[in-house]
Amino acid sequence: MQTEHKTPASLETLVTLCKRRGFIFQSSEIYNGLNGFWDFGPLGTELKNNLRDAWWQDMVRNPPLGPDGEMLDIVGLDSAIIQNPKVWAASGHLGGFNDPMADCRESKSRYRADHLMVYVPESGEGTAFAFLEGEPAVAEKRIKKNAKSDPSAYKVVAFTDLDPALIPSVWGPDASEPGTLTEPRQFNLMFKTFIGALAGEGEENTAYLRPETAQGIFINYKNVVDTMRVKLPFGIAQVGKSFRNEVTPRNFIFRSREFEQMELEWFCHPDDATKWYNFWVEARLQWWASLGVDMRNLRRRDHDEDELAHYSTACADVEYQYGFTAPGFGELEGIAHRGDFDLTQHQEASGTKMEYLVQETNEKVIPHVIEPSSGLTRGVLVLLNEAYTEEFVPKGNTEGGVQLAKPGAQVPEGYEKRVVLKFAPRLAPIKVAIFPLLKNREELVGKAKDLYAELRKTWPCFYDQTGAIGRRYRRQDEIGTPFCVTVDFDSLEDNTVTVRDRDSMKQERIPASELKAWLHSKGI
Ligand code: GAP
């Protein structure tokens with residue numbers, strides 16, 4: 001049965017919940033934070049690790065079957081964050097990893113110029129009004145108030161496409177008057193560092209924090225081929241931190257300056273590359289759906305020719321409908337057909353042969369590469385967005401009659417609101433919460449603690465004895481714990497416990513001796 005399509009949560013709602021319940025904090029918060037950096041709290045760390053582990057399990061240890069039903073070979077890697085700078089020269093990042101940026105001389109704001117849009121008068125005369133993509137309200141207000149006109153008398157043009165002669169008449173989003181924006185200029189996104197305790201800050205000591213995990217894979221391709229007896233086609237996967245000095249980090253952990261990626265480089269015979277490209281685009285879309293992401297919130301977007309990097313023959317994004325993009329979609333993962341670009345570049349720059357000998361035919365080829373590359377931290381945002389649900393629950397009723405709450409809707413008479421994170425059990429940060437019915441009855445507390453001690457050997461668990469049971473349930477709902485186990489007076493008599501399901505709120509009595517097997521059967 002098709003469930004009702006939820007309205008995505010606003011970013012503000014998610015940020016507030018994440019801070020309040022220990023998922024994600026602003027980095028260096030006690031020093032007023034640092035733009036573009038975030039710290040994962042206790043629950044966010046568990047959630048992120050679970051997503052990482054699900055990816056590793058489903059991509060490395062037990063990848064999907066190939067297009068002809070064959071088992072795929074994928075091995076893992078963990079390369080250094082700092083590589084020889086020649087890596088970044090060969091990969092093209094030193095020369096070409098740039099974003100166009102524009103500064104506001106008045107507010108000192110820095111914008112990604114390709115994220116700035118401008119209302120330009122159809123007449124070509126007068127002030128133009130810039131706004132950040134998706135946030136036209138400020139510019140529209142100014143058109144009405146300052147230009148005494150209407151947005152319909154304007155056309156929308158990307159700032160990067162604007163005739164430079166018009167820039168002095170553009171009113172920047174944060175400025176108090178027109179003419180404060182600079183022309184766009186290129187800005188390299190790699191963070192620099194300097195190697196060696198006594199090293200000066202000269203070019204010869206300069207190194208870079210990696211802007212993607214992928215290059216660590218390409219430079220180890222030969223090591224893996226020589227040591228792991230892998231045969232074409234095969235994959236090398238890596239999960240880890242990447243760093244980009246983004247001009248405008250925004251939308252919480254969607255675009256940050258320090259983030260994590262989950263990348264697979266799939267090496268295949270050039271003749272088979274298109275087949276594998278199509279396979280991986282579909283497989284990746286299905287994988288996100290397998291985690292419980294609503295297919296209505298996912299879509300495939302094929303890049304237009306003019307979006308493709310010069311070495312790439314095809315690229316598709318898995319896009320998601322985030323709260324801040326709705327009703328539009330934003331990138332979650334990219335699947336790129338990179339051809340032999342990277343291996344050829346490193347072969348030429350390093351002098352190391354990257355050819356692969358196809359033994360059956362004695363043919364030497366430089367493999368082509370299909371790259372499914374997704375953000376782990378961006379994936380966490382998708383999971384939070386997808387899980388966040390507000391419901392109206394009949395008061396005093398533990399089962400049935402639940403309504404999905406529309407944002408801003410009044411709580412109906414006789415109902416109360418509950419916020420619940422409906423994570424797939426596999427991804428939930430805490431799997432089981434254990435409660436004694438009353439905290440002042442030693443027998444109940446003792447038995448509940450014994451159960452807690454037993455269950456925590458296997459799963460992340462939470463013990464809570466304070467407050468009414470209903471409130472304890474709500475606290476666990478809000479962090480997405482799939483099961484709550486209560487030890488009550490019957491438990492003392494017959495050694496059974498009550499297990500309450502987060503989503504249905506149904507309660508079941510289960511013998512304590514069977515609890516572990518029962519929980520295992522629920523896929524946590
Ligand atoms: N090796 C290819 C590559 O890095 P990309 O499209 O630049 O491709 C892949 O990045 C994924 O990494 C994106 O789809 C996104 O999920 C994530 N990502 C990229 N930049 C990010 C940022 N600044 N903050 C968070 N995630 C980011």
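Which domains does the lining of the second largest pocket draw at least three residues from?

1. Domain 1 (11-81 + 210-385) and domain 3 (430-521) each give at least three residues to that lining, with bounds taken from an automatic or database domain assignment. Bear in mind that this is a predicted model, where local features need pLDDT of at least 70, side-chain atom pairs count only at pLDDT 80 or more, and totals for chains, interfaces and linings use all residues. Residues are numbered from 1 along each chain as its sequence is written, and side-chain values use heavy atoms, leaving out hydrogens and water.

2. On to the lining itself: 30 residues line the second largest pocket, and Thr3, Lys6, Thr389, Glu391 and Lys422 lie nearest its centre. (A pocket here is an open set of points on a 1 Å grid over the protein atoms alone, where a 1.4 Å probe fits, with protein on both sides within 12 Å along at least five of seven lines; lining residues have an atom within 4 Å of a point.)

3. The polar contacts (N or O pairs within 3.5 Å) include a side-chain atom of glutamate 212 at 2.6 Å from a ligand nitrogen. The protein covers 88% of the 550 Å² of accessible area that the ligand has on its own (Shrake-Rupley method, 1.4 Å probe).

Key. Polar contact = N/O pair within 3.5 Å; in protein donor to acceptor, adjacent residues only side chain to side chain.
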